[in-house]
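Keep the structure open as you read.

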Amino acid sequence: MAADRFDMPVVYDSMGDIVIRMRGITRTFHSAAGEATVLKGIDVDVHRGEFISVVGRSGSGKSTLVNMLTRIDRPTSGTVRVGDVLIHELPEGRMALWRGRHMGVVFQFFQLLPMLSLVENVMLPMDFCNIYSPASREARALELLKRVGLEGLAHKLPGAVAGGQQQSAAVARALANDPPILVADEPTGNLDSRTAEQVMGIFAELVEQGKTIVMVTHDQVLARRTSRTLLISDGELVNEAVAAAFPGQSHSALLRLSKLASPVHLLPGVDLPDTQSPAAAPLYLLMGGELLHPDHRPGYPLGPGAIVDPLAGLQVDLFAGPAGADLLSLPRAEVLPLLSPAGDSLPPLSSLPESGQAQDGLHPPGSDL
Amino acid sequence: MIPPRWKKVLADLFSHKIRSLLVIASIAVGLFAVGMTTTTYVILAADIRAGYLAVRAANIQVISSLFDDDFVERIRRVPGVAEAVGAYNARLRVHVSEGKWKPINIRALYIDEMNEQSINKVELLQGTWPPADRQVVIDVNKVVETGAGLGDELEIKLPSGTVRRMQVVGIVRDQTIGSTSGEGGFFLAPIQGYVTAATLPWLEQPEGFNTLYATLSHDREDRHALSLVADAILEEFEHNGHTTSSSVVRRSTDHPNLPYVDAMVAVIYSLGLLVVFLSGFLITNTLSALLNQQIEQIGVMKTVGASRWQIASIYMLLILVFSLIALAVAIPTSQQAALVLLEYLAVKINFTLRGLRPVPFSTFVMALIALFVPQVAGLYPILQGTRVSVREALSGTASLQKDGDSLVYRLFARLRGFSRPLLISLRNTFRQRLRLALTLLTLSLGGAIFIASFNVRFSLENYVDRLGRYFVADVNLTFAQPYRIERVTHDLQQVPGVGRVEGWGGALAQIVEADGNPGESVQVLGPPAASSLIEPILLAGRWIQPGDENAVVLSELFRIEYPDLRVGDTIRLKIGPKESDWIVVGFFQFAGKSAGLFVYTNYDYLSRETGLPGRAGFYRAVAADQNLSQQDREWLGRQIEAHMTRRGYQINEVTAGSAVKEDTSKGLNILTTFLMVMSLLMALVGSIGLTGTMSLNVMERTREIGVMRAIGGSDRAIMKIVLVEGCLIGLISWLLASLAALPISKMLADLIFQIIFDNDAMLAFDYRANLVWLGIVLLLSTLASVIPAYNASKLTIREVLAYE
């Protein structure tokens, strides 16, 4: 029977809520110039349906991280689990087939095969992975090209179409086997802004349809359009909350803060920890849950992203809400310079906004959010 | 719609036409060589055998005193004899050009036998057969020497000096020429003419037969059976009072020029296989470059789900397509080349070509090689290419060969005084080391074979020149009968220009076998013991010395025919009716197996044995002037002939010394021509390899070339960089080829000399060959580099930097 000779696309549900889990990922390159550790113990969880951007300076390791994810490269140590498969353990041959079925990859330089037409490029993954019946592959490929606005150029060679159109075709190819996960490495890096916008629009649609997308980009503007941003600096991940709380700061400063931060969990109703010495008193970054004021003051409770100074007036009496509170304890001396130009003190409490905008007052100068 | 992965195969075929052509050429050249050599061998072996069988060549030939038809009938009744025919062979002279006469062997047969042609059948090529009385038919092989064609008249000089005019009414091919030992082989045989027996009296020849030809009814390939029947025939001769002077036994398939065929076949197969071997490296090199160019695409395919073996299958199919195209090109071209070669050989070696026809075995071998050799050759590049990790493939850092921080690079870094562009050329040359190694291997081996072919040719030419030392005299004179040496010497020295004269004894003898029966015929020559007109190439023992009595020095064929014969042994020879023992004192190397059995002995003893003391039929005259040209010798020969004829001598033959050498060397010339053809094939393989490498090197560096142009590199500077790289590769290959040519020359020469002379080569090196190859390889390097470099230099920088 024809149905017995080809496979159908992977079912998303079988992958669970956390579709990608990376633990302790390190990658060291050996060359004539010596050793270079590009990734230094990275832990990441990616949930189903997320649209994640991976940002960082050039050479920070973002493309290497994504290569771990797609198994284009193998970690020196650590584990990469996609669904229930430890993909870092798969041999090259099996990985190729697994990748073809579970992931769609979009490259910065499109990487279409130059001697195949756009529709043939889109059909290629189906051909290799034997997905969909041979008779239906061309129709599906044409449908995908239509989806990305290229139905009129289906039989053109890549060299005969513009860069943006090639990238759109590459996106269509990535969707050929209807994979649950899309990974894009600088997909708009070679595109003009209008075309980049088109590609981002396609990604947004795909996310709405339930795809999980991980995108490497150096463009902060594009990064803000994603649901979550992973900031890599010098091979290490900056704490997401820290990165969100202190935008505009240098990546090295953020990374330093991330390393100095320590998690604190408050059970429901528990006060902020007492401090012995005012000079040593940490600042807290609220990551999850809420902090309530006993007098139910306006502007409270405080939600995730708020920076709390336990020494500052009203914030002395804050306590965790019914769901508890997850905080990051930050060293005062490191944080203060980031919050005021003089770097020696917090703004006076009276300047704190009355209602629900405590966050704004505590953001460092220059913040554009 | 064709699945995309297979569509890629077709697209790859047509997307880079030059690259595809190079791969196809790499495969086709090997197939061509195999096809040409196999077809040539199969048809040659079949046709020479079938053709010779068809002529019903005599198994037994006996030369004797006159006998008649009744005696021939008696021979027919000898057990084992299928057919017997009598003929009369006379050595006369034919006028070939102004004042020049050459020997012609006239064979007379009864008209019935001429019509029936039961033995030694000739193939009519032009005109009519048989001739009428007083007409002549000429064998095609030497007809050119007569200067006459169909319908022309030949002037035949009789022993009395009378000249008869005979019209040439037919031209035939007689494949049996050279089949008798006494003739000295095909190349030394005289012009052959055929007349009716009734013409003999008109040519002042006696009526009757002096030669018997007989065939066996069975066991015609069995030498023992042939000998038994020959013995029985010779007994009949003896019992009937006929004196035999020569007898030859041959198998029905023993074409006279088989030794040359064997040598050619050895060359064909050795070099043909070598071309296939080189072609394999060529294919590997070209496929490596192809895979190298597609590394990134391989990475992409792996990213979208292709397994290693799926990718490998794409390239294996591509190779198969290349192979099939190459096969389609090679089959007809190799057949045509085989036809040209066979037509050449048919004329030179005297056999009848039954026409070019499909040789299924050749096609099968070509197909087998086409299916397997490219796949095997491509295995390594495919395995390497598909093994590259996706990261390396996509990052552009992958290459089938790594540019390394190698010793070569560090060496070049220390060079001072070289411009940067020149250093680029030097480093680029060693950048792709595997490709360089394969290119050098192909080019060097091809060049080594080319040089070796020249060396072998030079060795054979030197040997031919060396053979001239057997014919040191300026003029060789053969009389119809022996004359007193004193008288002849006196008369010859009256001719202006003649210096020293030597009279040589000569006889046609037969070896007496162990059972007492006469065996093979032997030409016996008896120079004066201290003669300086012969400088033999001794293989063992010594030459004849003054005072030697029954001492003989034997030609190389004796060592093959009688492998147990050693220096110091005794052989029994029958000269005329008399048998006598002779002591073997040495062996000498002459002109190969087909030249026949030759023996040298002391004149004094020979003349006594033949009953002709003080007399000789063969004379050698040395000119007073040591520096005569060939033309001068021929002129002197004509003067001698005219003078001696006026004095009443009956002359059979007058030849200039080098003419005899030239006749002897004709067979060897065929081999040298053959070697040249094969060496050109080698050069072709090497040139394809170099062209491929340079084209691909430049193609891969198109982006670099663009960058160089963007930072100030002119078109000329770019071309110079590429040309220097190409010439450097050529130069390195030339050095390696020159070194490799030394042992290869020895091996090739030994192979040929063993087959022809049953001895190792007298190797001589022709250093001009090295210079010729240097010129060729530099020219090829330049041509191979300049075109791709020019094309690259004409792209715009924008195009080049966007090049993938």
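Q: Which residues lie on one side and on the other of β8(B), and are they buried or exposed?
A: This is a predicted model, where local features need pLDDT of at least 70, side-chain atom pairs count only at pLDDT 80 or more, totals for chains, interfaces and linings use all residues, and side-chain values use heavy atoms without hydrogens or water. Residues are numbered from 1 along each chain as its sequence is written, with chains lettered from A and ligands numbered from 1 in the order written. One side of β8(B) holds Ile191(B), Gly193(B) and Val195(B), and the other holds Gln192(B), Tyr194(B) and Thr196(B). Buried means under 20% relative accessible area, exposed over 50%, partly exposed in between (1.4 Å probe, protein chains only), and these residues on both sides are all buried.

Q: How many bridges join β3 of chain B to β8(B)?
A: Strands are DSSP runs of E, at least two residues, and helices are runs of H or I, at least four, numbered from the N terminus. Two strands pair if DSSP finds at least two bridges between them. Strand β3 (residues 100–109) of chain B runs parallel to β8(B), and Leu109(B) stands opposite Thr196(B). The number of bridges is 6.

Q: In β8(B), which residue is the bridge partner of Val137(B)?
A: Strand β5 (residues 135–139) of chain B pairs with β8(B) in the antiparallel sense, over 2 bridges. The partner of Val137(B) in β8(B) is Tyr194(B).

Q: Which are the edge strands of the open sheet in chain A?
A: The sheet has 4 strands in the order β2-β1-β4-β5, with antiparallel pairing. An edge strand here pairs on one side only. The edge strands are β2 (34–47) and β5 (85–86) of chain A.

Q: What angle does the direction of helix α1 of chain A make with that of β1(A)?
A: Helix α1 (residues 62–70) of chain A packs on the sheet and touches β1, β2 and β4 of chain A, contact being heavy atoms within 4.5 Å. Axes are lines fitted to C-alpha atoms, for helices over the stretch in contact, and angles run from 0 to 180 degrees between N-to-C directions. The angle is about 120°.

Q: Which residue of chain A forms a salt bridge with Arg391(B)?
A: A salt bridge is a side-chain nitrogen of Lys or Arg within 4 Å of a carboxyl oxygen of Asp or Glu. The count between chain B and chain A is 3. In the one with Arg391(B), the closest N and O atoms are 3.4 Å apart, and the partner is Asp73(A).

Q: Why does Gly248(A) count as exposed?
A: Gly248(A) lies in the loop between α8 (240–245) and α9 (251–260) of chain A. Gly248(A) counts as exposed because its relative accessibility is 77%.
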